[in-house]
Amino acid sequence: MPNIINEIKLDFKDVLLRPKRSTLRSRSDVNLYRNITFRNSKQVYNGIPVMASNMDTVGTFEMAKALSKHGLFTCMHKYYTVEDWKKFAEEHPDCLKNIAASSGIAEADFTRLSDVLNAIPGITFVCLDVANGYSQHFIEYVRKVRNAFPTHTIIAGNVVTGEMVEELILSGADIIKVGIGPGSVCTTRMKTGVGYPQLSAVIECADAAHGLQGHIISDGGCTCPGDVAKAFGAGADFVMAGGMFSGHDQCEGDVIEKNGKRFKLFYGMSSSTAMKKHAGGVAEYRSSEGKTVEVPYRGDVEDTVLDILGGLRSACTYTGAAKLKELPRRATFVRCTQQLNNIYS
């Protein structure tokens, strides 16, 4: 007989942050930088823990250059060659501390990852990315990468429950990517019926990770800077976004003109678009679990970065958090039935 969890699980749209008395005089007093020492790699990170996703339209070298300038992080897509990496590392060595090399779990992925990490010693972060982080094969792959690269910081996911967060940390991962189905171009929930409301997933997974001195990324579901603030308030150590960084000059793909308006393509990495591009099509045994959309062209990503950081600083001043690290301790969430007044949307 199936189990039913009757406790209500919440998404970003279901809550607001409650303001609290504060001694902060200005948004400029807020420190968004985090110093984090990772459990397994023992490496130390210093930066603003907002990440661009390793989707192939968003996790680009151009994005990394633009975001690193502000202390933000980029998980690179896994399709760059060793030669591409060498050229980038030679021209932009200062960016290497704010990027991760990505990998799937096939033997060819491990070979490609090893070649990149051995060629560019300055890369210290690895992003091991699969849609379903619950497979035993994935756990074994995390162990394999940890054994091969004992001092690299390993990002692994995606999962949405505490027990799997613990399993991956104990298998060698440092940062666990949390999120199944919340992304704007992800259709996993529609195709499979599987998922977990993102706010509750972050709260529960952060609790599990922090008990083991591990860390988590809230991956997906952020539609605006306020959602990023909520994710940090819920206990996320990093927040990853794809859609919020899409449509910019730094994204791969051409600008499309239609009826006097300009767009760029944005698609999920399990979409038929991505599978046709990288695997020759959708395999018979699976379905596409992502969609392809035309997002309005948004120019340089600089304005988007400043908007996100400005919203985060403001959230901290409203809640009395002088540092981003303090936001979870200062956060009280209020359940709501409506967040926005959309009469002039």
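What follows is a conversation in questions and answers about this predicted model.

Visitor: Which residues of helix 10 take part in the contact with helix 8?
Guide: The crossing of these two helices is right-handed, and helix 8 contributes P225, V228, A229 and F232 to the contact. By class, the contact holds 7 nonpolar, 1 polar and 1 charged residues.

Visitor: What is the handedness of the crossing between helix 5 and helix 7?
Guide: Helix 5, residues 162–170, packs with helix 7 at an angle of about 35°, and their axes are 8 Å apart. Where helix 5 passes helix 7, the crossing is right-handed.

Visitor: Which residues of helix 7 meet helix 5?
Guide: The residues in this contact divide into 5 nonpolar, 1 polar and 1 charged. From helix 5 come G162, V165, E166 and I169, and the residues they meet in helix 7 are C205, A208 and A209.

Visitor: Is S200 buried or exposed, and which residues does S200 touch?
Guide: S200 belongs to helix 7, which spans residues 198–210. Its relative accessibility is 8%, and since buried means under 20%, S200 counts as buried. Leaving aside residues up to four places away in sequence, S200 touches K9 and L10.

Visitor: How many disulfides are there in the model?
Guide: A disulfide is a covalent bond between the sulfur atoms of two cysteines, and the cut-off applied here is a pair of cysteine sulfur atoms within 2.5 Å. For C75, the nearest cysteine sulfur is that of C127, 4.3 Å away, and C75 is in no disulfide. C127 is likewise in no disulfide, its nearest cysteine sulfur being that of C75. By this rule, the count of disulfides is 0.

Visitor: Are C75 and C127 buried or exposed?
Guide: The relative accessibility of C75 is 0%, so C75 counts as buried. C127 also has a relative accessibility of 0%, and therefore C127 counts as buried.

Visitor: Which peptide bond is cis, with omega near 20°?
Guide: Most peptide bonds are trans. The cis peptide bond with omega near 20° is the one from G157 to N158.

Visitor: What is the phi of K42, and where does K42 lie?
Guide: K42 has a relative accessible area of 60%, and because exposed means over 50%, K42 is exposed. Its place is the loop between strand 2 (34–37) and strand 3 (44–47). Although K42 is a residue other than glycine, its phi is positive, near 65°.

Visitor: What is the phi of Q213?
Guide: Q213 is found in the loop between helix 7 and strand 10 (215–219). At a relative accessibility of 54%, Q213 counts as exposed. Q213 is not a glycine, and yet its phi is positive, at about 60°.

Technical notes:
Residues numbered from 1 in each chain as written. Predicted model: local features only at pLDDT ≥ 70, side-chain atom pairs only at ≥ 80, totals over all residues. Heavy atoms only, no water. Left-handed = near helix turned anticlockwise from the far one by under 90°. Helix = DSSP H or I, 4+ residues; strand = E, 2+ residues; numbered from the N terminus. Contact = heavy atoms within 4.5 Å. Nonpolar A, V, L, I, M, F, W, Y, C, P; charged D, E, K, R; others polar. Buried < 20%, exposed > 50% of the residue type's maximum accessible area, 1.4 Å probe, protein only. Axes fitted to C-alpha atoms, helices over the stretch in contact; angles between N-to-C directions.
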